[in-house]
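Dear colleague,

I am passing on the structure below, and my notes on one helix and its surroundings follow it.

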Amino acid sequence: MNHIKPSRERAGLTLQQLADQVGSSKSYMWTLENKPNPTPTVQMGIKLAKALGMPVEQLFPETD
């Protein structure tokens, strides 16, 4: 499970606003939020974490 959607909602951002901030598409943001185990690039993970004001490790916690 990732924490993109709850973090985005806490930040008061729409999918489109987050997509704009990280230079991506709204549909890709939706996929990352809703896919069970998203695999964004390292660069995208960093951009998302910065846009949401949290560490990458917190946004994408490790799972066994």
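In helix α2, the residues L15, L18, A19 and V22 are buried (under 20% relative accessible area with a 1.4 Å probe, protein chains only). They span an arc of only 100 degrees around the axis, taken from the directions from the helix axis to the C-beta atoms, and therefore lie on the same side of α2. The cover over these buried residues includes α1 (4–10), α3 and α4 (42–52), where helices are DSSP runs of H or I with at least four residues, numbered from the N terminus.

This is a predicted model, in which local features need pLDDT of at least 70 and side-chain atom pairs count only at pLDDT 80 or more, while totals for chains, interfaces and linings use all residues. Residues are numbered from 1 along each chain as its sequence is written, and side-chain values use heavy atoms, with hydrogens and water left out.

The axes of α2 (residues 15–22) and α3 (residues 26–34) come within 8 Å and cross at roughly 105 degrees, which means that α2 is roughly perpendicular to α3 (65 to 115 degrees). On the α2 side the contact (heavy atoms within 4.5 Å) is made by L15, Q16, L18, A19 and V22, and on the α3 side by K26, M29, W30 and E33.

The whole structure holds one salt bridge (a side-chain nitrogen of Lys or Arg within 4 Å of a carboxyl oxygen of Asp or Glu): E33 and R8 meet at 2.4 Å, N to O. This pair joins helix α3 to helix α1 across 25 residues. E33 counts as buried at 10% relative accessibility, as does R8 at 8%.

Best regards

Technical notes. Axes are lines fitted to C-alpha atoms, for helices over the stretch in contact, and angles run from 0 to 180 degrees between N-to-C directions. Helices (H or I, at least four residues) and strands (E, at least two) are DSSP runs, numbered from the N terminus. Angles under 35 degrees count as roughly parallel, over 145 as roughly antiparallel, 65 to 115 as roughly perpendicular and the rest as oblique. Buried means under 20% relative accessible area, exposed over 50%, partly exposed in between (1.4 Å probe, protein chains only).
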